[in-house]
Structures are given as structure tokens and as C-alpha cells.
Amino acid sequence: MENKPSSEAVPENANEHCPGVESQNAGKSSSCAGCPNQSLCASGGMKNGINQTAVETEQIKEAMKSIKRKFLVLSGKGGVGKSTVSSQLALTMALCEKDSVPQVGVLDVDLCGPSIPTMFGLEGYQLHQSNLGWTPAYYEDNLAVVSIGFMLPNKDDAVIWRGPKKNGLIKQFLRDVYWGDYLDYLIIDTPPGTSDEHITIVQYLKNVDIDGAIIVTTPQDVSCNDVRREINFCKKVGIPIIGIIENMSGFVCPNCKNKAMIFKPTSGGGQQLAIDYEIPFLGSIPLDPMVMQSCETGKSIVKDHPESPASQAMKEIVQKIITHKKNNQ
Ligand code: ADP
């Protein structure tokens, strides 16, 4: 019998009740029914007497050993600016300092709506394979980008892959991309919510010394409520949280410079979330037409409009992220 597409096969609330990949109930709880990872979790990753998860984790570990810092960007909802934040964080991180040229990579595993190619002006690029692995697209010599969007023949094509195929692709992205000799920072842009893609990513990245998750929200309750689920997911599966970014946080009028809260934080927004869950608040990025324009044209807001409030916020956020100590060391 054919598998159904994962969006149909996975109960809507499956991941809210996911026991977590480390749990003794992994793959066995009632909420695992229909999850594409169920058999993998239930078997502890065993196939033909070989622990597949362990083998694949080792391969991914080897492939990623030259990446110094790895960050997951998560959001509870689509449309809150997760890919905008991912791309502008990477562009800001890649800005050269006086005596250093940071090597940065972006991995877009948002299989449902890959917008990273547009945000780097790399639409139409097709991924190439060499004997070293998949070669990223290079936005700059020190900024490498890999996106599922590079594998679609037409940018308007929908990605309607089934669970196992999606999981296989994510695994390949983590294992088979050749990022060059080393990377200082890798930003992984994930789909919104807590889908089976997240479980796959977590399963593979748990042992790869990931720095942690950067969570993006907008100030309104509808976004913050979904972010609570995201935070609980991270806690359950053991991903450290680096902090929360509030995006679209007020609008600064380019003429009078007054700030208007277009999306009111009725329950305190990202700052309150950070207090409630005792996680760092990384900063607020205002709604700014220049942010949107930069994303549409594949430009860095910090480079092109360094004095804008959004750029100031972005620079401060990047500082906090790169100075964040792993595992509270
Ligand atoms: P997501 O990845 O969460 O679905 P996107 O990053 O694709 O969201 O952003 C959705 C839209 O909102 C894009 O057109 C983007 O340019 C715009 N946008 C995001 N953040 C801002 C901001 N701070 N100011 C202005 N426009 C923004």
C-alpha cells in the first residue's frame, strides 16, 4: 500500500505529543501513529541488525566536523519572517571584519516553501554534484547557500514529497553538502511549526554538537502561542535555545521617525515569552520596507542601510548569537 503524503499521514497534533526521540516510548506511543519516523524511532534506528541511525549520525558528524557553529532557526508559524531573519543573519555574519573573513553557510530545509534562493538573489541556480559532494551556490566567496529550491526545475513547483523521501533529503543535505575546508557559522532554516522534518533534523543533529535554536516570533498572541509549542518541543528533544527574536516589532515611520506598534503585543510578545521560559531575548527587529526590499533583491540591509533601526537591531542580535556560549560554558 502506498504511503500517504506526510501532511495527511501525520495527525495535526502529532508533534505536540511526540514522546521525543530519546524516550523509551519513541515510536511506540499512540501519538506516533502515522508519523513517518515511527518505525525508525521504534526500532531505535535498527535495520538488518545494523543501527542505521548511529551509522548515519556518524556520517553526518564527519561531514559537519569542520563547521564550528551551527544554529537552527525556528518559528511557530509561517509568515513571521523566519527566512528573512535567517538570510539577514547570515549576510550580517558574513560581513568581513578588519582582519577576518568569516565563512558562513545557509542550509534551507524549509521543504514546503523554500524562499532562501530569492532572498539571496539565487533563483534558478541548480545544485551540482562533484566527487566531494553537493556544491553550494556562492552568494559571495565566503557565503555558501544550499536550498531545496535549487532542486526544483521550476520555482513555482510545489514540494509534495512523502515523509520518507523528505527525511532522506534532509539527511542528504546534512551529510552530502561539501561546505569547503571549514565554516565558521551554519544557519539552518527549518519549516515553520514542529513537523516531522524537525524530528528528523533533531534526530541527526543531536550528536553533532549543535549550538542551539534561534526562535523567531512576531508580537501578536497568535504567533507567541505557537512559539510556546516550539519552545516545549526544543525542551523535550533536548535542543538548547539560544534565544528569541521578535520580528515586525513596531513600525518606525521613515519621515517622522515615530514608532507605531502595528502588531500589538497583547500578552507581552517575545520579551514576555523570554521571561516566562527563562531564555534570552535577543532583540526586536522593526517592520521596515527596506528589510522587505533587501530580501526581494537579495541584498544585506546591514551593508546597504547600516544606520537603519533594523540594521542596528540585526547587528546587536548577531553579536549576542556569536558570543553565546555553547551549553552555558
Ligand atoms: P517566513 O519564513 O516566516 O514564512 P518570510 O521571511 O518569508 O517569512 O517573510 C514574509 C514576508 O515578510 C516577506 O515578504 C519579508 O520580506 C517580509 N518581512 C519579514 N520581516 C520583515 C520586516 N522586519 N520588515 C518588513 N518586511 C518583513
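This is a predicted model: local features need pLDDT of at least 70, side-chain atom pairs count only at pLDDT 80 or more; totals for chains, interfaces and linings use all residues.
Good morning. By class, the shell around the ligand comprises nine nonpolar, six polar and two charged residues.

In total, 17 residues surround the ligand, and the closest are G79, K82, S83, T84 and N247. A polar backbone atom of G79 is 2.8 Å from an oxygen atom of the ligand. For K82, a backbone N or O atom likewise lies 2.8 Å from a ligand oxygen atom. On the nitrogen side, a polar backbone atom of D288 is 2.9 Å from a nitrogen atom of the ligand. On its own the ligand has 560 Å² of accessible area, and the protein covers 80% of that. Which elements give two or more residues to this shell? They are α4 (82-93), β11 (241-252), β13 (281-287) and α10 (289-296).

I turn now to the salt bridges. As a general point, side chains of opposite charge can pair when their charged atoms come close. Here the count comes to 12 salt bridges, and I will discuss some of them.

The side chains of K171 and E56 form a salt bridge, at 3.0 Å from N to O. This pair links distant parts of the chain, with K171 in helix α6 (residues 163-176) and E56 in helix α3 (residues 52-63), 115 residues apart. Are these two residues buried or exposed? Both K171 and E56 are buried.

The next pair is K303 and E140, whose side chains meet in a salt bridge at 4.0 Å, N to O. Because K303 lies in helix α11 (residues 301-304) and E140 in strand β7 (residues 137-140), the pair ties together parts that are 163 residues apart in sequence. K303 has 53% relative accessibility and therefore counts as exposed. E140, at 37% relative accessibility, counts as partly exposed.

My last pair is R228 and D276, with the closest N and O atoms of the salt bridge 3.5 Å apart. R228 counts as partly exposed at 26% relative accessibility, and D276 counts as partly exposed at 41%. Finally, salt bridges that share partners join K77, D226 and R229 into one network.

Thank you. I welcome your comments.

Conventions:
Residues are numbered from 1 along each chain as its sequence is written. Side-chain values use heavy atoms; hydrogens and water are left out. A residue is near a molecule or strand if one of its heavy atoms lies within 4 Å of it. A polar contact is a pair of N or O atoms within 3.5 Å; within protein, one must be able to donate a hydrogen and the other to accept it, and residues adjacent in sequence count only if both atoms are side-chain atoms. Accessible areas come from the Shrake-Rupley method with a 1.4 Å probe; for residues, only the protein chains shown count as cover. Helices (H or I, at least four residues) and strands (E, at least two) are DSSP runs, numbered from the N terminus. Ala, Val, Leu, Ile, Met, Phe, Trp, Tyr, Cys and Pro count as nonpolar, Asp, Glu, Lys and Arg as charged, and the others, Gly among them, as polar. Buried means under 20% relative accessible area, exposed over 50%, partly exposed in between (1.4 Å probe, protein chains only).
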